[in-house]
Amino acid sequence: MKSTKSNQGRTSRNTSKKKGWTKFVFFSDNHGDCENKEVTNALVKFISKFKPHWKIHGGDGFDIRSLRKGAIGSEEYNSLDKDIDMGCAFIERLKPDVWLHGNHEYRLFQTLHSSGNGIIRDYCKDVIRTIENTLKANGCKRILPYDADKGVFQLGPIVFCHGYTVNMRSVAEHASHYAPAGGACLIGHLHTIQQANAKKHKGCVGFCGGGLFEKDLMTYSHRHLNTSTWGNGWLYGWVKGNEWKVLQAHKVGGKWVAPIDFNPQ
Ligand SMILES: [Fe+2]
């Protein structure tokens with residue numbers, strides 16, 4: 001995976017540490033009550049060793065499937081209580097510094113502004129308040145909307161967002177669109193583990209880190225061939241000025257592989 005010596009990137013908005021490297025971890029897509037606890041346990045263990053300066057949640061921390069467009073049968077009438085409880089418990093356990101709402105949280109905002117039923121609108125408002133209060137109570141410094149312009153967090157040469165397209169070129173497309181020259185863009189959304197170099201003057205690289213979901217629990221996805229591309233994992237790395245390094249945590253031979261010994265001098 002690439003690091004860069006380019007000094008031509010956009011102005012770094014959030015990297016203030018001049019000495020040493022800033023460490024981050026980027027995880028996403030635990031999908032409330034569809035969370036894969038085994039993956040979360042591995043992530044928690046990793047964080048305790050890696051000790052990142054920034055814990056960035058890339059969105060879809062809740063599934064909100066009864067508000068999905070086209071939800072039918074049990075998806076539509078099932079209570080969201082367990083989904084909200086598990087998503088909030090995840091926040092309390094991981095304590096993200098930055099939270100990017102994903103397209104699944106966006107369902108709450110969309111329904112809040114479009115439903116003709118006042119009780120449903122009140123319910124959405126309550127759930128949004130519960131999520132955002134839980135985040136703030138657990139030290140979250142930034143809560144960003146699911147918005148292609150505003151839902152973006154930048155740490156030096158690396159831009160983080162949930163993801164706004166789903167196609168074969170999405171990882172490279174997000175890198176071309178968001179990454180500074182010579183930088184990188186990290187997304188969730190696709191649920192796949194991917195890396196792609198993208199066209200840009202001085203280059204850029206896109207990453208998708210997989211997710212923290214349990215695919216078997218996401219019954220609405222079982223009829224889609226693209227779910228065979230899904231994988232569990234998370235991204236992490238280091239930035240210093242315009243230099244960066246990104247690694248992928250994933251399972252090999254039944255064990256999690258996530259080295260923390262990248263130690264540039
Ligand atoms: Fe997702």
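## A five-stranded sheet

Let's start with an open sheet of five strands, ordered S5-S6-S7-S9-S8, with mixed pairing. Strands here are DSSP runs of E with at least two residues, helices are runs of H or I with at least four, and both are numbered from the N terminus. Two strands pair if DSSP finds at least two bridges between them. Strand S5 (152–155) and strand S8 (193–198) sit at the edges with a single partner strand each, so one side of each has no neighbour in the sheet.

Inside the sheet, S7 (residues 184–187) and S9 (residues 204–209) pair in the parallel sense over four bridges. Leu-186 stands opposite Phe-207 in S9.

## About the model

This is a predicted model, in which local features need pLDDT of at least 70 and side-chain atom pairs count only at pLDDT 80 or more, while totals for chains, interfaces and linings use all residues. Residues are numbered from 1 along each chain as its sequence is written.

The chain holds six helices and 12 strands. Of its 265 residues, 43% count as buried, meaning that 20 or more other C-beta atoms, placed from the backbone, lie within 10 Å of a residue's own; exposed means 12 or fewer, and partly exposed is in between.

## Two faces of helix H5

Which residues of H5 are buried? They are Cys-124, Val-127, Ile-131 and Leu-135. Seen down the axis of H5, the buried residues fall within an arc of 70 degrees (taken from the directions from the helix axis to the C-beta atoms), so they line one face of the helix.

On the other side of H5, the exposed residues include Asp-122, Asp-126 and Arg-129. Just after H5, Gly-139 takes a positive phi of about 90 degrees.
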